[in-house]
Protein chains: 2
Amino acid sequence: MSTTSRAVGLAALIAAGTWLAQPASAQNAAPVTQGPLTIERQGSFFVGGRTLRSDTLSTLPAYAPNGSITVDQMYVRYQVPPNAAEKPSLVLVHGCCLTGKTWETTPDGRMGWDEYFVRRGYPTYVVDQAWRGRSAAHPTTINAVKTGRSGPDTLPTVFAAGQEDAWAIFRFGRRHPETFPGLLFPLEAQDEFWKQMVPDWNFSVPSPNPTVTGLSELSRRLGRTVLVSHSQSGIYPFQTAAMSREGIAGIVSIEPGACPAANGDMKPYEGLPILVLWGDFVEESTRWAPRLRACREFARAANAAGGKVEIAVLPEMGIPGNSHMLMQDRNSLEIANWLAGWVAKNVEGGR
Amino acid sequence: MSTTSRAVGLAALIAAGTWLAQPASAQNAAPVTQGPLTIERQGSFFVGGRTLRSDTLSTLPAYAPNGSITVDQMYVRYQVPPNAAEKPSLVLVHGCCLTGKTWETTPDGRMGWDEYFVRRGYPTYVVDQAWRGRSAAHPTTINAVKTGRSGPDTLPTVFAAGQEDAWAIFRFGRRHPETFPGLLFPLEAQDEFWKQMVPDWNFSVPSPNPTVTGLSELSRRLGRTVLVSHSQSGIYPFQTAAMSREGIAGIVSIEPGACPAANGDMKPYEGLPILVLWGDFVEESTRWAPRLRACREFARAANAAGGKVEIAVLPEMGIPGNSHMLMQDRNSLEIANWLAGWVAKNVEGGR
């Protein structure tokens, strides 16, 4: 099935009234978001990590400069609902300059996808990318420069995305402070959103990216998981599958910074249910429009080689107004509801 | 009541068999740790934060160097059990070189205090200190040096505690790799524990420490909370109370790096239930022994001025073997159970 006909298939679904345009209650979305939540078990742990020795751990007298630290590990927090044995798990991976907070309570205080999917019966795992959030960054090169042992050019690349810059990247508008008409991001809560942003060490991490090797280890441990990635991490599930398909039951890549190259090896994706999901205003963005085009090319190439890649662009399906941060937009739970349907049909149904 | 007679009081309690030496089931500790968990609501949000402009946000062409970022905010994740209206909330604050992960699943995979207290009926809030974990650090000074606009001496102070150094600080033994006899920390899972450690920016944060102002805002929002701190953060609840008593119903300071000075103003602590809790092997540590002594002096001064400060040293109460990371030691839930009893008696009972 071509990408185009799949999109048409979705449009038909919408036209038939089985999808987002419907009131949430008709889709059994609302009931699960209300009332107390019962979970079978929850917790957190790390995957990956390597231990190294350094003599620039500290410049403080109270802490020795010499010693061992562990870096490259990836923090994982999870909740498992009762009777989840028949369900695949979902792993939610955030994007640039953000942490696992992306998937939690929205800036305007609504339920995050992390809880929604648990309520829909899926064991749900939220990670902090390696070197970000609760996954340790590697600070010894800073202290090497501070103590004069290395030059400033050896400092790590660690950047903060400015809010004005991020405004356009997240497609709140073409440029700050303009907004796209009908935008569904809760801009009245933007102060809370900006607080989610953290420094990004992604250009300093070793190769292969420890988040990808961490996702591979996590997939093996979980056994049957759908890797859900976003933006900067959009490509990671594909890279993980190229490393090993073990434990990967599907991929949902939301507005990926990149899809795999259309002229690359398609073997890793053969027969694997893959959804690449996009919001609105993509064509208005010189950053994102070429990326969507490249993802369409990838989908054509993959599907020609036995792939099961769908490209879903929300406005093409009659859902306008979504930003790049669609898991936090006003209709975030309707999108999650549809996503759960996609997983049920393509991953669970395809067992 | 003097500190000494309070300690004796606890000893009497132990002797009467109402405390840790009892099997957990006799204390209703075990039942709450088993079976599915029902929560009324959960989520995450930030408190505090200030927005600043910088022209060294980035050294990458893809991200503008100029723009606004928000820093100093504090990440808070919470779970509220059903029917919690009568209970005070608990805020769990981690220590040096760690994040809120401290209170979650232990390195050897047992239930963390974050869940245990929810199961005991307490709304429980876990934070990442400002500039740590999911609370953004402030990276612009790194880029100022990397681009030659400032000298290396202006680099932030960011240190990593080496594992060998941390071994003694956390009192696994007098020095690495020796262990104290009867140590209750699950050293067989130490690899997982070392992964919890992150770089610490604490010596770079502005004054007053944004974690403290964040705790003050959080206490006001919660209305009736017990601030539970550990190690580096041990002093923070005291500093928060000195800022404003609003919303603070009690303080539990676990092995604080410092107690308030005994010759300082005791007014902020008047009538406030305060527990300072210590593990074992303190006298074996030149780092910790003077801190415990100083806390005893503070307790005497505070109690002479109308305070309600208790110093509880676990081995003095017949409980040997606890490390500095007692919330992760093998008997962590028994200690949590006793702590819940302390809160019930001193905070809830004292309403």
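The model is predicted, so local features need pLDDT of at least 70 and side-chain atom pairs count only at pLDDT 80 or more, while totals for chains, interfaces and linings use all residues. Residues are numbered from 1 along each chain as its sequence is written, chains are lettered from A and ligands numbered from 1 in the order in which they are written, and side-chain values use heavy atoms, with hydrogens and water left out.

Between the chains, 72 residues of chain B are in contact with 72 residues of chain A, contact being heavy atoms within 4.5 Å. The two chains bury about 6,000 Å² between them, 52% of it on carbon and sulfur atoms. Buried area here is the accessible area (1.4 Å probe) that two parts lose on being put together, summed over both. On the side of chain B, Tyr63(B), Arg134(B) and Lys195(B) lose the most area to chain A, together 13% of what that side buries.

Polar pairs also cross between the chains: 43 residue pairs are in polar contact, both residues at pLDDT 80 or more. A polar contact is a pair of N or O atoms within 3.5 Å; within protein, one must be able to donate a hydrogen and the other to accept it, and residues adjacent in sequence count only if both atoms are side-chain atoms. Strand S2 (residues 41-47) of chain B gives the largest share of the side that touches chain A, 5 residues. Helices (H or I, at least four residues) and strands (E, at least two) are DSSP runs, numbered from the N terminus. The residues of that side of chain B divide into 33 nonpolar, 24 polar and 15 charged. In this division, Ala, Val, Leu, Ile, Met, Phe, Trp, Tyr, Cys and Pro count as nonpolar, Asp, Glu, Lys and Arg as charged, and the others, Gly among them, as polar.

Over all chains there are 36 salt bridges, and the count between chain B and chain A is 6. A salt bridge is a side-chain nitrogen of Lys or Arg within 4 Å of a carboxyl oxygen of Asp or Glu. Arg53(B) and Glu164(A) form one, at 3.2 Å from N to O. This pair crosses between chains, from strand S3 (residues 50-54) of chain B to helix H4 (residues 163-169) of chain A. Arg53(B) is exposed, with a relative accessible area of 59%, whereas Glu164(A) is partly exposed at 23%. Buried means under 20% relative accessible area, exposed over 50%, and partly exposed in between (1.4 Å probe, protein chains only).

Within chain A, Arg77(A) pairs with Glu104(A), the closest N and O atoms being 3.4 Å apart. Arg77(A) lies in strand S5 (residues 74-80) and Glu104(A) in the loop between strand S6 (89-93) and helix H2 (113-119), so the pair ties together parts that are 27 residues apart in sequence. Both residues, Arg77(A) and Glu104(A), are buried. Another salt bridge joins Asp128(A) to Arg134(B) at 2.8 Å, N to O. Through shared partners, Arg77(A), Glu104(A), Asp114(A), Asp128(A) and Arg134(B) form one network of salt bridges.

In helix H7 (residues 236-243), the buried residues are Tyr236(A), Pro237(A), Phe238(A), Thr240(A) and Ala241(A). The elements of chain A that they pack against include helix H6 (210-222) and helix H8 (289-304). In helix H9 (residues 332-348), 13 of the 17 residues are buried, so H9(A) is largely enclosed by the rest of the structure.
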